[in-house]
Amino acid sequence: MAAVANVSALSIPPKAETVYELTGVGKTYARNQVRALEGISLALERGSFSSVIGSSGCGKSTLLKVMAGLIPPSSGRVVINGQPVRGPRRDIGMMFQQATLFPWRTTIENVLLPIEINAGKSAAKAARERGEKLLELVGLGGFENVYPNELSGGMAQRAAICRMLVTEPDMILLDEPFSALDEISRDFMNMELQRICAETEATAFLVTHSISEAVILSDRVYVLAPRPGRIAEVVEIDLPRPRTLDMITTPKFGALVERIRTRLDQGDFE
Ligand code: ADP
């Protein structure tokens with residue numbers, strides 16, 4: 001009987017579970033009455049990778065801050081795992097353009113910092129093995145005890161990835177994490193990010209200015225229109241996984257980039 005049950009479980013793919021959901025989210029800054037976002041609805045499935053792309057000032061950072069619980073929306077609902085997001089949470093990890101490691105702490109001490117802040121020094125000590133495993137996962141095995149001034153920009157961002165993952169977040173929010181790196185390191189780190197997301201089954205949401213970066217990494221790209229920021233188009237990226245950098249030269253990749261570029265070139269999308 002067990003074998004029969006297994007076969008039927010295999011033949012019917014499980015419905016992907018929604019981890020994160022925005023419904024009709026708007027944000028107007030009270031100070032200057034700028035309507036930064038309006039009517040944003042999206043649902044992110046577990047293990048999926050999504051990007052948001054749009055011109056400067058169209059509301060990308062505002063969207064990420066609302067999703068992280070750093071600022072409240074003016075309207076609509078923000079929900080993770082069925083619970084409303086009302087402030088910063090341990091199950092949401094974030095990564096920014098700069099690694100911002102503390103120079104007086106070693107790599108492993110930086111990685112364990114979120115645990116130390118949340119649960120104290122002894123909890124951080126107990127999590128050391130997990131921190132070391134993460135460092136190995138990103139290729140920083142052996143660099144646990146060095147200080148940030150001995151790490152390259154790419155290595156520092158890898159350490160920042162570990163710091164983001166150490167609390168085992170369900171959702172990771174990425175604000176152009178590799179934009180300060182040179183192009184070769186950036187391509188390499190993007191492929192690493194894909195591998196790490198696959199290995200940790202993270203659900204990821206990336207803000208980027210780069211169309212090709214959005215396409216190579218994502219299952220879905222949200223194109224944001226400005227004033228107020230709203231979703232102009234959702235582009236499904238049906239390239240096979242794992243993605244490789246040589247896909248960038250394929251006609252299919254080119255067509256997806258062109259479709260997004262055309263949408264962005266339409267300016268205000270009126
Ligand atoms: P992006 O990240 O796409 O460049 P932002 O989310 O930073 O866009 O900004 C969207 C709009 O909201 C802009 O018009 C910006 O001036 C305004 N804005 C952003 N942050 C604030 C704030 N703290 N107070 C008032 N207005 C803001």
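Modeller: Glu176 is not a glycine, yet its phi is positive, at about 40°. Its relative accessibility is 9%, and buried means under 20%, so Glu176 counts as buried. Keep in mind throughout that this is a predicted model.

Thr100 is found in the loop between β6 and α3. Thr100 has a positive phi of about 40°, although it is not a glycine. Here the relative accessibility is 53%, and exposed means over 50%, so Thr100 counts as exposed.

Next comes Thr106, placed in the loop between β6 (92-95) and α3. Thr106 is buried because its relative accessible area of 6% is under the 20% limit. Setting aside neighbours within four places in sequence, Thr106 is in contact with Glu144, Asn145, Val146 and Tyr147.

Asn110 belongs to helix α3 (residues 107-111). With 0% relative accessibility, Asn110 counts as buried. Again leaving out neighbours within four places in sequence, the contacts of Asn110 are Leu101, Phe102, Arg105, Pro148 and Arg163.

Leu113 lies in helix α4 (residues 113-119). Its relative accessibility is 11%, and therefore Leu113 counts as buried. Not counting residues up to four places away in sequence, Leu113 touches Phe102 and Arg105. Leu113 and Leu101 are 12 residues apart along the chain, and their C-alpha atoms are separated by 9.8 Å.

Now the rest of the chain, starting with the ligand. How many residues surround the ligand? There are 13, and the closest are Arg31, Gly57, Lys60, Ser61 and Thr62. Some atom pairs can be picked out one by one. A polar side-chain atom of Tyr29 lies 3.4 Å from a nitrogen atom of the ligand. In Asn32, an N or O atom of the side chain is 3.1 Å from a nitrogen atom of the ligand. In Lys60 the atom belongs to the backbone: an N or O atom there lies 2.9 Å from an oxygen atom of the ligand. Taken alone, the ligand exposes 560 Å², and the protein buries 67% of that. Two or more residues of the shell around the ligand come from each of β2 (34-45) and α2 (60-68). The largest share of that shell, three residues, is given by α2.

Aromatic rings are another thing to look for. A pair of aromatic rings is described by the distance of the centres and the angle of the planes. The count of aromatic pairs comes to two. One of them is formed by Phe205 and Tyr222; the pair is tilted, with 6.3 Å centre to centre and 45° between the planes. This pair links distant parts of the chain, since Phe205 is in strand β8 (residues 203-208) and Tyr222 is in strand β9 (residues 220-225), 17 residues apart. Both Phe205 and Tyr222 are buried.

From Arg227 to Pro228 the peptide bond is cis, with omega near -15°. Pro228 lies in the loop between β9 and β10 (230-236). The peptide bond from Arg241 to Pro242 is cis as well, with omega near 0°. Pro242 is found in the loop between β10 and α10 (251-265).

Last, the confidence of the prediction. The average pLDDT of the chain is 90, and 93% of the residues score at least 70. Over residues 1-9, however, the pLDDT is below 50, and beyond near neighbours in sequence this stretch has zero contacts in the model. Where pLDDT is low, the predicted coordinates should not be read in detail.

Notes:
Residues are numbered from 1 along each chain as its sequence is written. This is a predicted model: local features need pLDDT of at least 70, side-chain atom pairs count only at pLDDT 80 or more; totals for chains, interfaces and linings use all residues. Side-chain values use heavy atoms; hydrogens and water are left out. Helices (H or I, at least four residues) and strands (E, at least two) are DSSP runs, numbered from the N terminus. Buried means under 20% relative accessible area, exposed over 50%, partly exposed in between (1.4 Å probe, protein chains only). Contact means heavy atoms within 4.5 Å. Rings of Phe, Tyr and Trp (its six-membered ring) pair if their centres lie within 6.5 Å; planes under 30 degrees apart count as stacked, over 60 as edge-to-face and the rest as tilted. pLDDT is the predictor's confidence in each residue, from 0 to 100. A residue is near a molecule or strand if one of its heavy atoms lies within 4 Å of it. A polar contact is a pair of N or O atoms within 3.5 Å; within protein, one must be able to donate a hydrogen and the other to accept it, and residues adjacent in sequence count only if both atoms are side-chain atoms. Accessible areas come from the Shrake-Rupley method with a 1.4 Å probe; for residues, only the protein chains shown count as cover.
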